[in-house]
Amino acid sequence: MSAPAPRPGRILIVDDEPGNVLALKPLLELAGYRDVRCTSNPARADALYAQLRPDLILLDLHMLVLDGFAVMRRLSTLIDADDYVPILVLTADADADADAAKDSRWAALEGEAADFVVEPLDHAEVVTRVANLLDVRSRHVQLRQHNETLERAVRERTAELAQTVDRLQHVEHDLRLAEEETIHRLALAAEVRDDETSRHIERMSRYCAILVARAGEGQRQRDLLRIAARMHDIGKLGIPDAILHKPGRLTAHEYEIMKGHAEIGYRILEGSKSELARAGATLAWTHHEKVDGTGYPRGLRGEQIPLEGRIAAIADVFDALTTDRVYRPAFPLPEALTTMRAGRATHFDPDLLDLFLGSLDEVLAAREGLADATVA
Ligand SMILES: [Fe+2]
Ligand SMILES: [Fe+2]
């Protein structure tokens, strides 16, 4: 007779009657189970479980030193909550004390036992129940492995996603820096051509940042305006040298040409995908508007002028008054402030002007740090 095909599954038999062990082990081996271990000492059951990690335990319920219930309680502390290790309970002949045997079988099933067989054992029944329980165990192991694979895949994907987000944030940060640098260099290009004091653009953008903060805008808006304000006079790139560098007062005609810098600046920057450039376009277009409608280029009134433009008008004029120009020296501070106040509600947004004058200490501190060599 040829040997039966080997069947997977590690089996542990715990029975204090050596005779039963001697009968069961060869029976299971004959059925194809090659990995069958036994003990007739129930006190060793937990140690053997920990050592062998069986897929199925055959456990005698009625043992003298330690009964099957006690063994099951010990084993339950060793088996993981999400693991399933079936226990096949061997019970005494039901006819000996029918009710007691039935009670203990139910108790076993309500506890850790997966199934039971009644002694004397029907060999075919034992082999069938063993095969069934090992089949359930095998499906459980497969499911568990599948879940672990899925969890690992989810963990890996999550980590990859976190890395991608991190990379994108770096890219976004670098792009933002590149964008700021481009704008800074563009502003420098205009500054090089302009005879206005060299740090006008820097001071003016600081004043804008102070005022926009006082107006209650958040950090993002402050940063946006601070950087975009550098571009308010970018349109001067399009003004002829003879007018831009004229030492004296401009004629009416020259002044009309000079006023064109607001619209030229807007045309240079409009329609950009860059939020900074778009804010710069708004600033360039609106920083010479006046709230009474007498400004240029469009004669906008009050809140028709965007907040950026109303803020820039105050910052720009204050810096122009308090610094030397090619055609006149700087006004002393009290005189400059009188001129600013005179423009309240005609040239300047009255609320913003009040906020600006209310933060004069901060404005003057910024001015101090960015003084031209020529500033008095
Ligand atoms: Fe301007
Ligand atoms: Fe300016």
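## Basis and domains

In this predicted model, local features need pLDDT of at least 70 and side-chain atom pairs count only at pLDDT 80 or more, whereas totals for chains, interfaces and linings use all residues. Residues are numbered from 1 along each chain as its sequence is written, and chains are lettered from A and ligands numbered from 1 in the order in which they are written.

The chain is assigned domain 1 (7–150) and domain 2 (194–369), with bounds from an automatic or database assignment; their centres, taken over C-alpha atoms, are 88 Å apart.

## The sheet

Five strands form an open sheet in the order E2-E1-E3-E4-E5 with parallel pairing, where pairing requires at least two DSSP bridges between two strands, and strands (E, at least two residues) and helices (H or I, at least four) are DSSP runs numbered from the N terminus. Its edge strands are E2 (33–39) and E5 (115–118). Strand E1 (residues 7–14) is joined to E2 by 6 bridges in the parallel sense, and valine 14 has threonine 39 in E2 as its bridge partner.

## The helix pair

Helices H10 (residues 261–269) and H11 (residues 275–286) pack with axes 7 Å apart at an angle of about 165 degrees, the axes being lines fitted to C-alpha atoms over the stretch in contact and angles running from 0 to 180 degrees between N-to-C directions. The pair is therefore roughly antiparallel, a term for angles over 145 degrees.

Note on methods:
Parallel < 35°, antiparallel > 145°, perpendicular 65-115°, else oblique.
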